[in-house]
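Me: I would like to go through this model and ask what stands behind each label. Please set each value against its definition.

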Amino acid sequence: MDFNIFRDEKEIIDYIYGHPNRKVAQFTEHLTQIACLEGYDLIGLSVLTYFQFLFALLLSKKIKSMSNAKVVLGGPFITVYGERLFSQFPIGDYMIVGDGQVPLLRLIEHLKGRISVEAVPSLLYRQDGLIKANPREFFPIEDLHLPDFSDIPLDIYRSKIPIIEDMGLFLPYQITRGCTYNCSFCKRRVVNPVVEFKSYNKAVKELRAMKERYQSSLFFFGDDTINCSY
């Protein structure tokens, strides 16, 4: 299929706003065939960058046309630009700003009729034609659970590294969050405005546990600023 997300950006935007485009429609159909989207009441899309947002636009439009499932978007790009995007694009039903662990659970409770939408923290939603933003809450990094990859086919994530004889499996882990600086040009200060550090004992215990569980001593540290704490 002759389709390029970078080259065909304008065609994608026009398609989102209702202009017919066979090529974009076929590509969107291909996206929805990659994973099963039927039988779900809530579908989440994680957005890290602008071009991932274009994918999210297409997926959201297609999902809403083929089912009654609610669509919620989250991730760093949504955290920075969510309210502006929500007002400009006909996309999804909800957006979650910042940490999604607790808000996503609360959103499910709301959809089950147990709590009001106002009780879902860090949530963006439409109400009476207006964009509503619930107060943002932060989930302490010390309370994060050990990453669990037991349901993921880890073999497809192995990488061939010249200095390592076998296929290497890099395990993602985060020890700190936020940055001690507040540079005006950096979006990290919006994504993670609070500087936090895991305790020494927690970090060492979890790294050892992951090494044993997944039989790999290769780690990718996803800290915002790796050298801000000894």
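Me: Which residues have the most contacts inside the largest nonpolar core, and how many residues has that core?

Reply: This is a predicted model, in which local features need pLDDT of at least 70 and side-chain atom pairs count only at pLDDT 80 or more, while totals for chains, interfaces and linings use all residues. Residues are numbered from 1 along each chain as its sequence is written, and side-chain values use heavy atoms, with hydrogens and water left out. The largest nonpolar core has 32 residues, and those with the most contacts inside it are Phe-53, Leu-57, Leu-58, Leu-73, Ile-91 and Met-95. Two or more residues each come from α1 (9–16), α2 (22–34), β1 (42–46), α3 (50–66), β2 (70–74) and α4 (76–88). Helix α3 gives the largest share, seven residues.

Me: What makes a set of residues a nonpolar core?

Reply: The set consists of buried Ala, Val, Leu, Ile, Met, Phe, Trp, Tyr and Cys residues joined through side-chain atoms within 4.5 Å. Buried stands for under 20% relative accessible area, exposed for over 50%, and partly exposed for what lies in between (1.4 Å probe, protein chains only). A second, separate core has 10 residues, among them Phe-149, Ala-203, Met-210 and Phe-219.

Me: What does Leu-58 touch, not counting residues up to four places away in sequence?

Reply: Leu-58 touches Ile-12, Tyr-15, Ile-16, Val-24, Phe-27, Thr-28 and Leu-31. Contact here is a matter of heavy atoms within 4.5 Å.

Me: Why is Lys-62 called partly exposed?

Reply: Lys-62, in helix α3, has 22% relative accessibility and therefore counts as partly exposed. Apart from neighbours within four places in sequence, Lys-62 is in contact with Thr-28, Glu-29 and Thr-32.

Me: Why is Glu-206 called buried?

Reply: Glu-206 counts as buried because its relative accessibility is 9%. Glu-206 is found in helix α7. With neighbours within four places set aside, its contacts are Leu-144, His-145, Leu-146, Tyr-173 and Lys-198.

Me: How do you know that the buried residues of α7 line one face?

Reply: The buried residues in α7 are Lys-202, Ala-203, Glu-206, Leu-207, Met-210 and Tyr-214. Seen down the helix axis they fall within an arc of 120 degrees, so they line one face of α7. That arc is taken over the directions from the helix axis to the C-beta atoms. The face turned away from the buried side carries the exposed residues Tyr-200, Asn-201, Lys-205, Arg-208 and Glu-212. Cover for the buried residues of α7 includes β6 (170–173) and β9 (218–221).

Me: Which residues of α1 are buried?

Reply: Ile-12, Ile-13, Tyr-15 and Ile-16 are the buried residues of α1. Down the axis of α1 they fall within an arc of 160 degrees, so they too line one face of the helix. Their cover includes α2 and α3.

Me: What makes a space a pocket, and what makes it a cavity?

Reply: On a 1 Å grid over the protein atoms alone, a cavity is a set of points where a 1.4 Å probe fits but cannot get out, whereas a pocket is an open set with protein on both sides within 12 Å along at least five of seven lines; lining residues have an atom within 4 Å of a point. Grid points are joined across faces, edges and corners, and the volume is the space filled by probe spheres set on the points. The largest pocket has a volume of about 1100 Å³. Its lining has 32 residues, with Pro-76, Asp-99, Gly-100, Gln-101 and Gln-174 nearest its centre. One cavity of 30 Å³ or more is present. The largest cavity holds about 50 Å³ of space, and its lining includes Asp-99, Arg-136, Arg-177 and Glu-196.

Terms used:
Helices (H or I, at least four residues) and strands (E, at least two) are DSSP runs, numbered from the N terminus.
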